[in-house]
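Reader: I would like to learn how to read a pocket and its lining. Please take me through one case.

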Amino acid sequence: MGVIKIELTPELISKMGEDIVIKISCNNFELTNGCIEQDKNVDMFDFMLKISEIIRSEGRIRTSETYLTTMRSLQRFWGAKVLPISNIDRSFLQEYEIFLKKSNLVNNSISFYMRRLRAAYNRAVTENLITDTKPFKMVYTGADKTKKRAVSLMVIKKIRKAIINDKWSDFARDMFFFSFYCRGMSFVDMSYAKKDDVKDGYLIYKRHKTGQKLKIKMRKEIEDIINKYAAYSGIYLLPIIRRIDKDERRQYLTCLSRVNLALKSIARNNNISENLTMYVARHSWASIAKNMHIPTAVISDAMGHTSERTTQIYLNQIDTHEIDKANDEILEQIFIE
């Protein structure tokens, strides 16, 4: 990187006079009579796109996508191709918040966009692209308590007996119960579970989120679902990711969206008032386990939780048989008429 050095001597300054300005532009800054001024015309959309690309290169795909999602929301609000970073002040953010509210977003969704935009803004401050004026003080960036996502054992039974009218609803219910039967297995882990992961009567896999190894005893109900889709010729256990030569993440997210829509259809057609999603299966397993007085440590280990607070609950690894027994106790309740 080249260095430009200008010495403003008293003699030169006296010859310049007050109305003469020396200005040199360099990257995002301007040198005016010896003082650096920030370029206020940096495009926020371009800046967020660059952040997203950097984060994606680091392998943080989900975080990368949140910047793009926020950028697209901001573009819809702004309505122009370029957003000078200097425009982001308190008034701008308050108007953006009103726009999000008029889009019928709940507080937590509004907070999601604001927090991601704030992260980009703070990064711009760190890179000296703008001076921090604390513009986010007047908009909501908190977290409301979310609605309970678990459903009761009675609702689980209703889902099992629900009348199914189409292929996607049938598939969605199978995926819901595969998750439930597998101790609340997450949809992403279901998506990436391979046929080779079934060994010696167990489904053994690593959690996509943490890399933690989990071992689930195979039950007839689990095997029935696997066998139902055995004709699927891919490497994965379930027909969620069907093409390994295509974007696998996009495939599983698309499938998840369709499954969740089908679950809502099942609820609507069977007088189930609860909001059904794949995440409900995971929450419900944990909730039912808790109501059956299964120890928190067992529930935590069964679901693959690795937080420090959870680890402090128990120092020794819980015996796998204890977890299998807990799952058996829960699943047996489903089939009791």
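Predicted model: local features only at pLDDT ≥ 70, side-chain atom pairs only at ≥ 80, totals over all residues.

Reader: What is the volume of the largest pocket, and which elements give two or more residues to its lining?

Author: The volume is about 950 Å³. The elements with two or more lining residues are α3 (61-78), α8, α10 (248-269) and α11 (278-291). In the protein as a whole there are 14 helices and 6 strands.

Reader: How many residues of each class are in the lining of the largest pocket?

Author: The lining can also be read by class: 10 residues are nonpolar, 10 polar and 8 charged.

Reader: Which residues are closest to the centre of the largest pocket?

Author: Out of 28 lining residues, those closest to the centre are Ser186, Val188, Lys209, Tyr252 and Tyr279.

Reader: Take Ser186. Is it buried or exposed?

Author: Relative accessible area decides this, and buried means under 20%. Ser186 has 13%, so it counts as buried. Ser186 sits in the loop that runs between α7 (167-181) and α8 (187-192).

Reader: Which residues is Ser186 in contact with, leaving aside neighbours within four places in sequence?

Author: Ser186 contacts Arg207 and Arg282 once those neighbours are set aside.

Reader: And for the protein overall, what percentage of the residues is buried?

Author: Of its 337 residues, 42% are buried. The accessible surface is about 20000 Å², with 51% belonging to carbon and sulfur atoms.

How values were computed. Residues numbered from 1 in each chain as written. Heavy atoms only, no water. Helix = DSSP H or I, 4+ residues; strand = E, 2+ residues; numbered from the N terminus. Buried < 20%, exposed > 50% of the residue type's maximum accessible area, 1.4 Å probe, protein only. Areas by Shrake-Rupley, 256 points an atom, 1.4 Å probe, with all protein chains shown as cover. Contact = heavy atoms within 4.5 Å. 1 Å grid on protein atoms, 1.4 Å probe; cavity = no way out; pocket = protein on both sides within 12 Å on 5 of 7 lines; lining within 4 Å. Points joined across faces, edges and corners; volume = space filled by probe spheres on them. Nonpolar A, V, L, I, M, F, W, Y, C, P; charged D, E, K, R; others polar.
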